[in-house]
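Good morning, colleagues. Please look at the sequence and the structure together.

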Amino acid sequence: MSLQYSPTISSILNSFQRTGLSQGQAYQMEQLFSALDKLTGQLYDRDVAQQLFEQCSPNQRGQVQLEDFAQVIIEADKVLKKKINQTEQQIQQYRDELKECQQQAQELQYNQKLNPQGVDRDSQLIIVVKQAHNIQYSDYQYSFVSISLDGAEVQTQMSTGDKYNPNFNQQLNFQIQTGSEEILIKLFVQDRNQRRILIGQSHLDLGEMHDQQVHSQQLQLVNDRQQLQTYLQIESQWIHNKLKYHQEMILKYEQTIQQSQIDIDDYQRDLLTIQQPFLETNLRNNLQQSLKQPQNYSLPQQNQAFMYQQQQNLPQQQKPFQMQTQQQQNIQIHQIDPNTVQDELSDELYYGFILYMLMLLLALFQCFARPDYLDLILAMLYLIIVCRDCFEPTYIKIVGVLTILSVINDIVWISIYKNWWSGTDKTLPTWGEAGDPIVRMTLVFCVFNIILKTALCYILFHYYKESQQNKTIVFKFWQFQFPVGVHKQNLFTINGLLV
């Protein structure tokens, strides 16, 4: 029932008005808490109320506008519902993975084959080479990593990114027979003459990976002079007994599902606590009864409100090197959600930037023959999305509508002045016939601009979907970086760009 109900600004303000609080006024924390007590008919949960108040921006007297407090309540309601839905989806994913693990474990009970050393005959070591740091060598073009297992050598592709801190991000697989194999990792650079120069090397101990978990390591590479200068970041996992591995996975999945169920109940109780002051009397009474029901969990419970400490215990062995966020994180309104997806660079954002720059250049040229100020404004509005983090759905929707209007304006303009191309209209008020070449180029650029803006409409639609998912992107342009989607600023709110 709570997931279907969504409080609105008007319903919240009307409820507060019944307690004597007025719209457009600012109040102290105690006054707002007292109003919540009156609306619920009992002492409102002070932990929840305190965290609600902390999300507001008080004035110099420590007072908060009633409208701001109501907006925080609405945001908290959305955050809680989102967490419930996400956790339910995770539980379903865990159940699917659990079922697959159970099936594989059952098959391995009868099909497992171990060699005399007690290692699976198809045992594998998986190494992901991530990044090197602090290469103290300048005269080279590329770098790569070489890994040898008892003399058999495999190397990564050439590096990308920063020359002195190169990225590799490549996975290499090795067959393990006994577990006593010698593994040597070397970092090389390649100069213009295709010569390989050893930067440093390090040994990898299989004994440290006997627990079959993913290990993140930063290896110190030793050069020929026994100096420690360069570091290599890797992830490694050795699965030597698949039956035992899947049995451990089954246990961890069951624990994860149980903990996720507890998290959902915590979110549900916080959601009911937030909603109940603004419900009708009969619904509020039902919610109060549900809040009074005892909990039968073995783990201690505490009210979490928006500072959810969700322990996501998705096992590291589930899939080798799958990046997971398994630490406790606080979710607060106006802050980044812990499930936010962080991209180093969004293709759509990058291509959109290029297209808008092209549109800006074409618009500047068109200004010689026609007032193309709308396209100039659109280019500036796009820069605000990136440079001022205005990655907000309403703002992006407005930019998209203006882009569509600009396309319509270009089509109308071409239909009116198409005779300039054929040369039948020689009555240009400023240039006359001498302006024909410029006008014809303007018509060509106008057609190109229509094509560009049609593609930009699709990109803006992608922006709009991403902005609704709280996605955070780091946009890089030369040496500059702009985090997009962190604050989700809005030109039309008090906390927007005008502050």
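What share of the contacts in the protein chain with a separation of 6 or more is accounted for by residues 24 or more positions apart? The share is 69%, where contact means heavy atoms within 4.5 Å.

A word on the basis of these values. This is a predicted model, in which local features need pLDDT of at least 70 and side-chain atom pairs count only at pLDDT 80 or more, while totals for chains, interfaces and linings use all residues. Residues are numbered from 1 along each chain as its sequence is written, and side-chain values use heavy atoms, with hydrogens and water left out.

The protein chain contains 11 helices and 13 strands; these are DSSP runs numbered from the N terminus, with helices being H or I of at least four residues and strands being E of at least two. Of its 499 residues, 45% count as buried. Buried here means under 20% relative accessible area, exposed means over 50%, and partly exposed lies in between, with a 1.4 Å probe and protein chains only. The chain exposes about 26,700 Å², of which carbon and sulfur atoms supply 51%; the areas come from the Shrake-Rupley method with a 1.4 Å probe, and for residues only the protein chains shown count as cover.

Returning to Phe-69, its contacts beyond four places in sequence include Phe-16, Leu-32 and Leu-52.

In helix 1, the buried residues are Ile-12, Leu-13, Ser-15 and Phe-16. Viewed down the axis, they fall within an arc of 160°, so they line one face of the helix; the arc is that of the directions from the helix axis to the C-beta atoms. These buried residues pack against helix 2 and helix 4.

Helix 2 also holds Asp-37, which counts as buried because its relative accessibility is 17%. Beyond its neighbours within four places in sequence, Asp-37 is in contact with Gln-42, Leu-43, Tyr-44 and Arg-46.

Next, the annotation. An unreviewed UniProt entry places the feature "transmembrane region" at residues 349-367, 398-417 and 437-461; positions follow the numbering used here, feature names are shortened, and annotations may be inferred rather than shown by experiment. In the model, residues 398-417 are 100% helix, with end C-alpha atoms 28 Å apart. Residues 437-461 are likewise 100% helix, and their end C-alpha atoms lie 36 Å apart.

Beyond four places in sequence, Cys-446 touches Gln-366, Arg-370, Asp-410, Trp-413 and Ile-414.

Finally, the structure holds 0 disulfides, a disulfide being a pair of cysteine sulfur atoms within 2.5 Å.
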